[in-house]
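The following note sets out points for a colleague who is reviewing this structure.

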Amino acid sequence: MAEGVKGKVIDVHCHVTPQRFQKAVLDGNDWHGMTIADGELDNLPNRWLPERRIEEMDAINIDVQVVSPTDVFYQYGQDPKVTQTISREVNEEVAEIAREYPDRIMGLGTLPMQDTKRAVEEATHGIRELGLVGFMIDDHVNALTYDHDVFSELWAAIEELGAFILVHQFHPTVVFYRIQDYFLLNSVGNLVDRTLAWAALIYGGVMDRHPNLKICLAHAGGYVPYALDRIDTGWEVWPDSRGKSESKPSTYVDRFYYDTVTFTDRNLRFMLDVLGSENVVFGTDWPAPMQVYDAVERLKGSEVLEENERDDLLWRTAARIFDTGEA
């Protein structure tokens with residue numbers, strides 16, 4: 001446990017590139033249509049075995065990682081049968097790591113989201129058979145947003161299973177279609193896509209129909225805290241555009257979770273003022289190049305946090321979500 005922290009630090013936003021994929025592509029083969037160009041293998045920590053990962057966790061004061069497959073493993077554009085096979089194999093490997101290191105690793109899987117029936121099958125298998133705690137999904141499925149009825153069966157299953165959902169982008173984000181230079185498809189696009197996913201879940205009535213969903217919006221909720229007032233105003237001014245939502249969007253803020261992957265105390269403070277520390281979990285985006293480095297010490301030393309907020313961010317909110325017995 002990190003010095004000065006009252007509970008286990010649980011990182012909900014960190015990734016893993018499965019070894020079975022690596023072995024295939026590094027030997028010159030493809031893996032279910034994926035190649036060495038996938039998986040971000042030029043970033044060496046993506047190649048690490050679990051033992052080396054845990055050494056790094058110790059070095060940066062992380063007690064538990066909730067690991068999710070690198071986003072390239074969504075593969076929503078492939079044949080659903082192939083994507084289901086990828087999901088099954090990836091989820092099995094993530095679950096194996098969690099079983100081998102139960103005190104240090106929890107597992108999030110991936111789902112063949114382009115086929116709702118298959119996604120429900122893999123969600124059920126992942127939670128009930130493999131022991132995963134949830135899944136990471138994109139902000140959309142081949143440009144189809146989550147307000148569409150095609151996903152209804154999946155949301156019902158996710159709620160029943162009690163699965164934690166981490167919403168995390170993959171490319172192309174919506175910004176890609178406007179400008180492809182300057183890495184804006186990521187540095188801006190990630191946050192735009194997150195905001196659209198949040199809005200779709202609200203306006204589509206998903207959050208009203210399924211009050212027990214546990215959905216976390218990665219990268220500090222994108223632009224949600226900054227766009228909230230204008231979105232509320234639009235909801236109030238244009239009643240015919242409220243979709244299936246029962247209340248204005250700001251009333252749903254505490255129905256979601258958000259991670260701490262933001263880079264300044266200024267933005268962190270604003271996010272907490274709008275969203276509430278009880279809805280924010282610790283995240284790093286490890287081992288991405290744009291991860292939050294030395295994230296535990298940063299929060300421990302932040303002058304903009306009250307002590308109870310610091311506890312929420314570092315351990316208490318996640319302990320409540322994952323029922324560790326510490327909250």
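1. The model under review is predicted. Strands E1 and E2 pair in the parallel sense, over five bridges; E2 covers residues 64–69, and E1 covers residues 10–16.

2. Is strand E1 enclosed by the rest of the structure, or exposed? Of its seven residues, seven are buried, so E1 is largely enclosed by the rest of the structure. For this step the cut-off is a relative accessible area under 20%.

3. His-171 and Pro-172 are joined by a cis peptide bond with omega about 5°. Pro-172 belongs to the loop that runs between strand E5 (164–167) and helix H6 (184–187). A cis peptide bond also joins Trp-286 to Pro-287, where omega is about 0°. The loop that holds Pro-287 lies between strand E8 (280–281) and helix H11 (295–301).

4. Phe-183 counts as partly exposed because its relative accessibility is 46%, a value between the limits of 20% and 50%.

5. Asp-294 also has a positive phi, near 50°, and is likewise a residue other than glycine. Asp-294 is placed in the loop between E8 and H11, and Pro-287 is in the loop between E8 and H11 too. With a relative accessibility of 46%, Asp-294 counts as partly exposed.

6. Charged side chains come next. Side chains of opposite charge can pair when their charged atoms come close. How many salt bridges does a search of the whole structure find? The search finds 18 salt bridges. One of them joins Arg-20 and Glu-96, with the closest N and O atoms 3.5 Å apart. This pair links distant parts of the chain: Arg-20 is in helix H1 (residues 19–26) and Glu-96 is in helix H3 (residues 80–100), 76 residues apart.

7. The two partners of that bridge can also be judged by their accessibility. Arg-20 has a relative accessibility of 24%, so Arg-20 counts as partly exposed. Glu-96, at 37% relative accessibility, also counts as partly exposed. A network of salt bridges links Arg-20 and Glu-96 with Glu-92 and Glu-93.

8. A salt bridge joins the side chains of Arg-52 and Glu-55, at 3.9 Å from N to O. Both residues lie in helix H2 (residues 50–59), three residues apart, which is about one turn of the helix. The side chain of Arg-52 also meets that of Glu-56 in a salt bridge, at 3.8 Å from N to O. Because Arg-52 and Glu-56 are four residues apart in helix H2, about one helical turn separates them. Arg-52 is partly exposed at a relative accessible area of 32%, and Glu-56 is partly exposed at 21%.

9. Over which ring does the charged end of Arg-52 sit? The charged end of Arg-52 sits over the ring of Trp-48, 3.9 Å from the ring centre. A further contact of this kind involves Arg-242, whose charged end sits over the ring of Trp-235, 3.8 Å from its centre.

10. The last point concerns ring pairs. The count of aromatic pairs comes to eleven. Among them, Tyr-74 and Tyr-76 form a stacked pair, with a centre-to-centre distance of 5.1 Å and 20° between the planes. Tyr-74 and Tyr-76 are both buried. Elsewhere in the list of aromatic contacts, Phe-21, Trp-31 and Phe-73 are linked into a cluster by ring pairs.

Methods. Residues are numbered from 1 along each chain as its sequence is written. This is a predicted model: local features need pLDDT of at least 70, side-chain atom pairs count only at pLDDT 80 or more; totals for chains, interfaces and linings use all residues. Side-chain values use heavy atoms; hydrogens and water are left out. Buried means under 20% relative accessible area, exposed over 50%, partly exposed in between (1.4 Å probe, protein chains only). Helices (H or I, at least four residues) and strands (E, at least two) are DSSP runs, numbered from the N terminus. Two strands pair if DSSP finds at least two bridges between them. A salt bridge is a side-chain nitrogen of Lys or Arg within 4 Å of a carboxyl oxygen of Asp or Glu. Rings of Phe, Tyr and Trp (its six-membered ring) pair if their centres lie within 6.5 Å; planes under 30 degrees apart count as stacked, over 60 as edge-to-face and the rest as tilted. A charge sits over a ring if NZ of Lys or CZ of Arg is within 6 Å of the ring centre and within 35 degrees of the ring normal.
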